[in-house]
Amino acid sequence: MTRKFNFHAGPSTLPLSVLEELQAELVEYQGLGLSLIETSHRSPEYDEVHNRAMNLVKSLFGLPDNYKVLFLQGGATMQFSMLPMNFLGPNRSADYINSGAWAKKAIEDAVLYGKVNVLYDGKSSNYMSLPDPESITSSAGAQYLHITSNETIGGVQWKSFPRTQAPLVADMSSDIMSRPLPVDQFAMIYAGAQKNLGPAGLTLVIIRDDLLAQEQDGIGAYLRYSTHAKNDSLYNTPPVFPIYALSKVLTWIQNSGGLGAMEQRNREKAQVIYQAIEQTGGFYTCPVDPGVRSDMNIVFTLADSQLDKPFLQGSEELGMIGLKGHRSVGGFRASVYNAMPLEGAKALAQYMVDFAEKKG
Ligand SMILES: Cc1ncc(COP(=O)(O)O)c(C=O)c1O
């Protein structure tokens, strides 16, 4: 089998070595006579995997002891409501930055639980830019400030982060573990796993004790962060398969040189593609403000939209899939998460240049 270069935005490409290890162990895990996903989540074998994944999250990010790592379900979408459910209320407020489609969804849920102050709305730039982090001041009494570190649809990415009075919370679904982070600037980070961390079905939450202490009363057990924090994410049956895969993806990140190495590789891949866009003299356009272009999701359009179909078809013939832009914006989007090899980015850039020469 020849594996395709998979540019889908998520679920997305995973490291081949991780898939191969999972395949090799799937029917029988380490002489157990059964698969790891058939064993109890209270078994010593599963416990070891669960703890390994948790410890790798801590060590890769260099998390201090006052942070808890939680393995939840419900996707990042559940966090859009779980976060305000836990920390907002009729007399509480939070600050949000509206940077695009995903931030908007987070805001739509938050307003159901308390007062929301939108500190910045990217509407005037059609969500193709971001505010200067230094210019952001949180509102008096805000429980937290919510940002979306990378807008998966718009292709805008924060390059540094606000430092405000209000605890910073970030939806990092589409760029988690893609670069080192100043973790102590964040009170909470959450991400659906299905881009940089593993298969769908797991949501990673990292939360600091001082924010955890602000939890509201009257919330059902599963929906309280403290339930999972107190039980090491074993209050109920956790999503064992994605956590098992996560432990392998994180080992792969560690063996590849950690988050610094991921960042370097991701920058290089993104630059190769942005360079192809820039060098073709208007044949392709990236509408995003150059200062905040995403290293994960590269969006572009063709000047002549009549060429969209042949462009897509030609890419698929060469084994490159998933380049069609999100249905809400059209155009094209190349998602180049951690597991996309540099050769994939180079193949796409070469195809873009060749196509422009042929059709331009
Ligand atoms: C930035 C961002 N936030 C939230 C979501 C929603 O995630 P989920 O499908 O895990 O609920 C996505 C999904 O692509 C996303 O990219």
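Where is Q30 found? Q30 sits in the loop between α1 and α2 (44-61). Helices here are DSSP runs of H or I with at least four residues, strands are E runs of at least two, and both are numbered from the N terminus. The model is predicted: local features need pLDDT of at least 70, side-chain atom pairs count only at pLDDT 80 or more, and totals for chains, interfaces and linings use all residues. Residues are numbered from 1 along each chain as its sequence is written.

**View A. Backbone at Q30 and at the G10–P11 bond.** Q30 is not a glycine, yet its phi is positive, about 40°. A cis peptide bond joins G10 and P11, with omega about -5°. P11 lies in the loop between β1 (5-6) and α1. Most residues other than glycine have a negative phi, and most peptide bonds are trans.

**View B. The shell around the ligand.** G10, G75, A76, T77, W102, T148, T152, D171, S173, S174 and G192 surround the ligand. A residue counts as near a molecule if its C-beta atom, placed from the backbone, lies within 6 Å of it. Helix α3 (residues 75-87) gives the largest share of this shell, three residues. By class, the shell holds two nonpolar, eight polar and one charged. Nonpolar means Ala, Val, Leu, Ile, Met, Phe, Trp, Tyr, Cys and Pro; charged means Asp, Glu, Lys and Arg; the others, Gly among them, are polar.

**View C. Helix α1 against α7.** The axes of α1 (residues 16-26) and α7 come within 9 Å and cross at roughly 140°. That makes α1 oblique to α7. Axes are lines fitted to C-alpha atoms over the stretch in contact, and angles run from 0 to 180 degrees between N-to-C directions. Under 35 degrees is roughly parallel, over 145 roughly antiparallel, 65 to 115 roughly perpendicular, and the rest oblique. From α1 the contact uses S17, V18, E21 and L22; from α7 it uses A245, K248, V249 and W252. Two residues are in contact if their C-beta atoms, placed from the backbone, lie within 7 Å. Five of the contact residues are nonpolar, one is polar and two are charged.

View D. The contact takes 23 residues from domain 1 and 23 residues from domain 2. On the domain 1 side, β7 (156-157) and α7 (240-255) each supply at least two residues. That side divides into nine nonpolar, 10 polar and four charged residues.
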